[in-house]
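Subject: Structure handover

Hello,

Here is the structure you asked about. My notes on it follow below.

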Amino acid sequence: MTIQERESKEHIKEIAPIISQAYQLGKQRQYDEAFYKILPYLKLNEIPQYFYQPAGWTIYRYVKANIAQLTPTQIKMTFDYYFDFCEKQPNLLHSYIMVLALTYHKTHQMDFSFAEFCLKWGLDNFMKEDFKTTKGITSDGKEIMFQSLVVKAATALYKELKSHHTDDSVHVFLPFFKTVKEQCPEYEFTPLYIANLHAWMGESHKAQIIFEDMLRKNPKWYIWQALGNIVNDKLKMSCYCKALTMVDKEDYAGELHITLASLLVGSDKPHAAAELAKYVSTYKHNGWKLRAEAYELEKTLTGVAAATDQSSFYEQNTYLAEEAVYQDFPQKEFVYSGNRQNKKGKTIAWFNMIQSSKSERQKTMSIYMPHSALPKNASIGDIFLCRYQINNHRPTILTIHNTKRHLNTDTIQEPKTIEGIGIIRKREEQPYAFINKYFVPPKICQSAQLKNNQQVKFLAQQQPDGRYRVVKIFLS
């Protein structure tokens, strides 16, 4: 049957009762019977686009009900039936079909090509709602954020492309990832995806520019690792060492250890042996399969005593990486002033700038960093040489090195606090409020159920930018 015959008025009139029966069966939860009612017409590509919605929903309900039993061949064939007559445009049904594909891909990553599905589905057919994150509440009452459908699709697609891709496939999908970056700026991994796509196409220079920009805004260990993957061996080793000074869980560091061991095996066998030992220990502890490369390295390093100064080795070898990315940032001395709890309850390390000039004495500069990123054996009063960046009025430490000097802890001042009584100023549509001139964050407004013109007792604390923020409300 030609497409012209399929879409003719005569054929639409002829097949209408079949489609109607199947659709009603589906609504009555007789999913298999509904699907098999239209299956002969699906096989012959005789479903007119006129019946896109009822036929499409019949397929959707069938797949959803049977998704755990369908083989990769069956799911692909069923999706192809849908693509034969579907309207490729943003709508609820089309987005639900994407949800089904993502669900199936989670358990069939090796034998269901999500990239092939995306090409047929058309990644410019998401609805506006598909770009939005949603909020939910856990069973214990905590608020949780759910990723948007677009982000879920981008993540699944990237992981598949990372395993196997061609220059053509990367080129085809790159515009989609750029759209995700623009429309979902809160998702921090999209720039990483885009940079790696450029690297896979041999555009290492473009990838490096993106990685360096990310490291200047919000440095993470995995970005240093990604940068190390595309630069020369000397800088590569420095990037990996920098990443290993920042990684907060050994389970994440296996790839770094094995790659660093391979780089060092020809020039520094003791440190290569130490890296290999870390990799093997972590993988065996978790029951993970070792890479073949590990066995080859074990043979090469037989009888070599592993170095015991890994932390200092990493610290000493971060210089090239830091200079490559942060050479334009001046270094300042900061003193480690103790630990605090942030509003999420996590422990953070607090640093104060040591003011050496009159202009610096006119301002106060404090910086916070995760306690886990604090150099080992740091003591309150230790002086560190740091580079920092300020984004949205918030300073972030980019590099930190111990000067081996110490400041008398008696001279270290605690962050200033103000306790008082004030009137809540809050608009109904706004989640935040003010007491006098002090900002009250949404979380405190919600937990204390604050209302406009309510009188409360409060505690405000000075922030790194010098302004005060309410950190506690005292309710009678």
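**Overall picture**

The protein chain has 20 helices and 12 strands. Its radius of gyration is 29 Å, well over the 23 Å that the globule rule gives for 476 residues, so the chain is more spread out than a compact globule. Please keep in mind that this is a predicted model. Along the principal axes, the C-alpha trace covers about 90 × 75 × 40 Å. Of the 476 residues in the protein chain, 45% are buried. Among contacts with a separation of 6 or more, 57% are between residues 24 or more positions apart.

**Helix α2 and what follows**

Helix α2 runs over residues 9-27, and its 19 residues should span 27 Å at 1.5 Å a residue; the end C-alpha atoms are 26 Å apart, which agrees. An α-helix has 3.6 residues a turn, so residues three or four places apart point the same way. Just after α2, Arg 29 has a positive phi of about 70°.

**Helix α4**

Helix α4 has 15 residues and reaches 21 Å from its first C-alpha to its last, close to the 21 Å expected at 1.5 Å a residue. Is α4 largely enclosed or left open by the rest of the structure? Buried residues number 11 of the 15, so α4 is largely enclosed. They include the aromatic residues Tyr 52, Trp 57, Tyr 60 and Tyr 62. Arg 61 and Asn 66 are also among the buried residues of α4. Cover for the buried residues of α4 comes from elements including α2, α3, α5 (72-85) and α6 (92-107).

**Two asparagines with positive phi**

Most residues other than glycine have a negative phi, and most peptide bonds are trans. Asn 45, which is not a glycine, has a positive phi of about 55°. It is found in the loop between α3 and α4, and at 28% relative accessibility it counts as partly exposed. Asn 453 is not a glycine either, and has a positive phi of about 70°. Asn 453 sits in the loop between α20 (442-448) and β11. With 57% relative accessibility, Asn 453 counts as exposed.

**An aromatic pair**

The count of aromatic pairs comes to 42. In one of them, the rings of Tyr 438 and Phe 458 have centres 5.7 Å apart and planes at 50°, so the pair is tilted. Tyr 438 lies in strand β10 (residues 438-440) and Phe 458 in strand β11 (residues 455-462), so the pair ties together parts that are 20 residues apart in sequence. Tyr 438 counts as buried at 11% relative accessibility, and Phe 458 is buried with a relative accessible area of 2%.

Regards

Key. Residues are numbered from 1 along each chain as its sequence is written. This is a predicted model: local features need pLDDT of at least 70, side-chain atom pairs count only at pLDDT 80 or more; totals for chains, interfaces and linings use all residues. Side-chain values use heavy atoms; hydrogens and water are left out. Helices (H or I, at least four residues) and strands (E, at least two) are DSSP runs, numbered from the N terminus. The expected span of a helix is 1.5 Å times one less than its number of residues. The radius of gyration is taken over C-alpha atoms; the globule rule is 2.2 Å times the number of residues to the power 0.38. Buried means under 20% relative accessible area, exposed over 50%, partly exposed in between (1.4 Å probe, protein chains only). Contact means heavy atoms within 4.5 Å. Rings of Phe, Tyr and Trp (its six-membered ring) pair if their centres lie within 6.5 Å; planes under 30 degrees apart count as stacked, over 60 as edge-to-face and the rest as tilted.
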